[in-house]
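Work through the exercises below with the sequence and the structure at hand. Each task is followed by a solution in steps.

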Amino acid sequence: MRIAIIGMAGYGQTFFDWSLNFLTGKNQTWHYTKGWVPLPDNPLTEKNAHGYTKNHPEPLDIDLFLEQSKDIPGMLSFYPVLVPKDTSVEYDPLPKGREFVDKLLKADVKIVFIKPSRTLYPNFGERGDRTEQDKFPLMTEWLQRGGTDWKTTREQFSLKMFAGRREWNKKAEKFYEEIESKTLLFITQDEFLEQAEKHLIDFIGKVGLKVDVERLKQWQPVKKQWKEMLDSWNIWYDERLPKITEAIVENKSIKLEDSEINLLRQTIIMHHLMKDHGRRLILPTDDFPLDTQILHGFLK
């Protein structure tokens, strides 16, 4: 039995994948390039659950993966990449996503879909393992431009997000409506975050497997740690970001931490100033001041 855990952006799929194996008592899992690998007791890193060696085939590799894995005994879960380069504004998720889902179903793969609960931004390492140095060339590639100055890249990145996001979200919502009935479990990111234990136990029973009671006790503190990690990320977007943009517009001072204002978040602040307040932040240099009152002086 093969189970695919998918979504339009990475948020909980790896943790669901690991949990499914851990809670059903597995000590090792099969990986399509590494063979049998040990299953860790705790997959968490500082940012995510990527301490677990998951099957994560790219779209071009999915046919090979499905062929290689068809005779693996027992339950085999995997997290295939559904959207190349994480939600480029030019990418239409409907035809390619539908084709991808139908391919999985034709191969008798059961599908878990975790739907985004928030606006999707191009994901260049916000919760991943890339460094700041790794992100910049990916951003310029996404923009299809050369150059090495952060000032221009940051401005164009925020504008492209603003221009393409609303239309992209409409296409994505239509896609979600079409595939929901094809999945064995369709939940939002927040539903999984808040009720991970319930959803996992219910799903394990639905596919005819049993939860190992001792493993469940070991899993619960790991789940608590994972939830706290994602809660802190959500709080920045749900609570901190609106306060920052409001303070910039109203010429009030909020001190920003250098550690919280990474390359992507600079562009997201600029994006939300346009989206929520109709204002543009035009900075003269690569520098991003860490005081909202100073940033106010560069509003247009």
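**Exercise 1.** In this predicted model, find which residues Ile-72 is in contact with, leaving aside its neighbours within four places in sequence.

Solution. Start with the place of Ile-72: the loop between helix H2 (62-69) and strand S4 (76-78). Next, look at Arg-2, which is 70 residues apart from Ile-72 along the chain. The C-alpha atoms of Ile-72 and Arg-2 are separated by 8.9 Å.

**Exercise 2.** Decide whether Ile-72 is buried or exposed.

Solution. The relative accessibility of Ile-72 is 17%. Buried means under 20%. Ile-72 therefore counts as buried.

**Exercise 3.** Describe how the axes of helix H1 and helix H7 are placed.

Solution. Two packed helices are described by the angle between their axes and the distance between the axes. Take the distance: the axes of H1 (residues 13-23) and H7 (residues 196-206) come within 11 Å. Take the angle: these axes cross at roughly 60 degrees. Angles of 65 to 115 degrees count as roughly perpendicular, and those under 35 as roughly parallel. H1 and H7 are therefore oblique to each other. The crossing of H1 and H7 is right-handed.

**Exercise 4.** Which residues of H1 and H7 meet, and how do they divide into nonpolar, polar and charged?

Solution. On the H1 side, the residues are Phe-16, Ser-19, Leu-20 and Leu-23. On the H7 side, they are Leu-200, Phe-203 and Ile-204. The contact of H1 with H7 has six nonpolar residues, one polar and no charged.

**Exercise 5.** Locate Thr-267 and list what it is in contact with, leaving aside its neighbours within four places in sequence.

Solution. Thr-267 lies in helix H9, which covers residues 263-277. Beyond the excluded neighbours, Thr-267 is in contact with Trp-150, Arg-154, Phe-157, Ser-158 and Met-161. Thr-267 has a relative accessible area of 0% and is therefore buried.

**Exercise 6.** How many helices and strands does the chain have, and what share of its residues counts as buried?

Solution. The secondary structure comes to 10 helices and six strands. Of the 300 residues, 49% count as buried.

Conventions:
Residues numbered from 1 in each chain as written. Predicted model: local features only at pLDDT ≥ 70, side-chain atom pairs only at ≥ 80, totals over all residues. Heavy atoms only, no water. Helix = DSSP H or I, 4+ residues; strand = E, 2+ residues; numbered from the N terminus. Buried < 20%, exposed > 50% of the residue type's maximum accessible area, 1.4 Å probe, protein only. Contact = heavy atoms within 4.5 Å. Axes fitted to C-alpha atoms, helices over the stretch in contact; angles between N-to-C directions. Parallel < 35°, antiparallel > 145°, perpendicular 65-115°, else oblique. Left-handed = near helix turned anticlockwise from the far one by under 90°. Nonpolar A, V, L, I, M, F, W, Y, C, P; charged D, E, K, R; others polar.
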